[in-house]
Amino acid sequence: MEKLEELLEKGGTKKDILFLVVSGIALLLSILDVSPLPFDMAWIAIVLCGIPILLEAVIGLVTAFDIRADVLVSLALIASVIIGEIFAAGEVAFIMQLGALLEDLTVARARAGIEKLVHLTPRTARRLTGSGEETIPAEEVQKGDLLRVLPGETVPVDGVILSGQTSVSQAVMTGESLPVDKGPGDEVSSGTVNQFGSFDMEAVRVGEDRSIQRMIRLVQSADAGKAQIVRTADRWATWIVVIALTAAVLTWLITGEIIRAVTILVVFCPCALVLATPTAIMAAVGNATKHGFLVREGDALERLASVSHITFDKTGTLTKGTPQVAAVKSILPDCPEDALYRLAACTELRSEHPLGKAVVQSWRDSSGETVPAPDSFEMLPGRGVRAVCGGTDILAGNPALFSENGISLPDELTGSARTWLDEGCTLIYLAVNGTAAGFLALSDTLREDAPRAVQGVKQAGVIPVLLTGDNEKAARHTASLLSISEVHASCLPEDKLNWIDDCQKKGGKVCMIGDGINDAPALRKSFAGIAMGGVGSDIAVDAADIALVDDGLKELPHLLFLSKRMMRTIKYNLTFSMTLNFIAIILAITGILNPVAGALVHNSGSVLVILNSALLLKWKKKA
């Protein structure tokens, strides 16, 4: 509905709809032989719907010698008018313009993603000088400049941290749901967000070489080779015109009856052929909408029907994107796991770190209790947190935090931790009163419908592939749960795009499913792109051809089977319309059909095509 409203805002579409409504009424009055005006009402349809067709045909022939279906329609219109078959001319013009409008509605585009991506580009940077600190435009930063980034600010250029400890959200580049701890010597990318501590960095890649600028260029250029829907009648237009003209001229010369020749031109008009594709697509789009898909590109389902691979992003697509506590391990006899879990929740209560918030929420969900407030709290950027809970001193963080406080990790603890690390979990180590006490293992949880969706993809004859910016262990663990054999981890936006490009150069056709800003270039490059519309980035949605409105994957197999069914319907429509045309031509050559009867017979094919396409509205594959 939003797409229709968007199109109606355009003057051309408003005018087309108005002309079609008026023409339809005029044709109805003409066939009823009711004329409040001193001429056949079908003339209104010829003027409103036929003249634009004539102009398009002339412009195409003169400017580019482009022979399209409009050429044959124009010849039929002119010939029908010359011999006085006004209703036949008006009817053909009306049907052709109706098909053109349906196609316009089907292939409507709405693109805003690049502008949103540009808005993510940092505008300023804090440059350190001998006299202090100055704020300059980000594009003026030079390689080698020393910069300072405060908590909450976006990193202006690519560089290396010189001093300071922090956590950086890299979701814009890698799609990882959790911030990454950073310290001296670590690289940071433009567009990523500094979460907690301030740090000083040296600029390494600046200007157009910045990561965020490279991503913008990727999104702008990634779909340059993507095919757009072409009206089938126009693909075959040259042959249709040649055959029609040849048949009409030969019939005229042999029989001497020009009315037979004109009837051939009328029945040869590819009305049903024009309607065959857009009506099926619109019906399939309506079906997809009922199942939670917003189809943003007219030819998206046509392309989806022929994909050979579906590449999934992990975080936020196959998983929920929110970590939960998967396990609690305690090695202290006087501090059982429930007690340690409660202390951990108390310690993290005032933390702004996503992992800390996840611990608190998981405790609340599992225990149903209120988390007690700590007596004191200290944030240690890039390391963890320290708190006093009920007189007990607690440290919660990474091994570096323990090392700085002189606390060793016993073999019993590291051995258990290794098992969870191998499954891709993130660990928070805990110390009680200066003694290593245990750890919490946090993992991103699978969407409940992900296994069924992946299995359905396989049943549709499509190969599932996991492309993720997450680490290798987490990616392999998720893939094993879903029986996905091909996995590519630690992927930057360029890596995802390059894999898709390589696959498609080898003859494959890739559908990309993702949710983050980092997926936008891959979504654009892929043969068909599907974005998670609920939690997904607006930029990812704008880069995709199809959006999953409610983020549910369970209907993905239905969409694949629907696209294949739609293509079969289109082929049936084309076969039927061409067969009917040739039968009508034979009848026209023999003189059985006159122009009006020919127009009615041949346009009845258009009605049957529409009815056949309408069956897609409620189609669902039987279990």
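## Helix α15

In this predicted model, helix α15 covers residues 337-348. Its twelve residues reach 16 Å from the first C-alpha to the last, close to the 16 Å expected at 1.5 Å a residue; the expected span is 1.5 Å times one less than the number of residues. Helices (H or I, at least four residues) and strands (E, at least two) are DSSP runs, numbered from the N terminus.

The buried residues of α15 are Leu 340, Tyr 341, Leu 343, Ala 344, Ala 345, Cys 346, Thr 347 and Glu 348. Buried denotes under 20% relative accessible area, exposed over 50%, and partly exposed in between (1.4 Å probe, protein chains only).

## Basis of the model

Residues are numbered from 1 along each chain as its sequence is written, and side-chain values use heavy atoms, with hydrogens and water left out. As the model is a predicted one, local features need pLDDT of at least 70 and side-chain atom pairs count only at pLDDT 80 or more, whereas totals for chains, interfaces and linings use all residues.

## The chain overall

The chain contains 25 helices and 22 strands, and 54% of its 623 residues are buried. Among contacts (heavy atoms within 4.5 Å) with a separation of 6 or more, 69% are between residues 24 or more positions apart.

The accessible surface of the chain is about 26800 Å², of which 58% belongs to carbon and sulfur atoms. Accessible areas come from the Shrake-Rupley method with a 1.4 Å probe; for residues, only the protein chains shown count as cover.

## Strand pairing

Two strands pair if DSSP finds at least two bridges between them. Strand β1 (residues 124-129) runs antiparallel to β2 (residues 132-137), with six bridges joining them. The two form a hairpin with two residues between them, and Leu 128 stands opposite Glu 133 in β2. Strand β1 is also joined by two bridges to β3 (residues 146-149), again antiparallel; here Arg 126 stands opposite Arg 148.

An open sheet of three strands has the order β6-β5-β8, with antiparallel pairing. Strands β6 (180-182) and β8 (193-194) stand at the edges with a single partner strand each, so one side of each is left without a neighbour in the sheet. Three bridges join β5 (residues 166-169) to β6, and Ser 167 has Asp 181 as its bridge partner in β6.

## Strand β11

Strand β11 (residues 309-312) is covered on both faces: His 309 and Thr 311 on one side, and Ile 310 and Phe 312 on the other, are all buried. Four bridges link β11 in parallel to β20 (residues 510-514), where Val 510 is the bridge partner of His 309. Four bridges also link β11 in parallel to β18 (residues 463-467), where Val 465 is the bridge partner of Thr 311.

## Nonpolar surface patch

Leu 37, Phe 39, Trp 43, Val 47, Ile 51, Leu 55 and Ile 59 make a nonpolar surface patch of about 610 Å². Patches are made of residues with over 30% relative accessible area and no salt bridge; like charges are joined within 9 Å, and nonpolar side chains (Val, Leu, Ile, Met, Phe, Trp, Tyr) within 5 Å. A salt bridge is a side-chain nitrogen of Lys or Arg within 4 Å of a carboxyl oxygen of Asp or Glu. Ile 51 lies in helix α3 (residues 42-64) and is partly exposed, with a relative accessible area of 39%.

## Positive phi values

Most residues other than glycine have a negative phi. Asn 433, in the loop between β16 (426-432) and β17 (435-446), has a positive phi near 50 degrees. Ser 483 has a positive phi of about 60 degrees; this residue lies in the loop between α20 (472-482) and β19 (486-488) and is partly exposed, with a relative accessible area of 49%.
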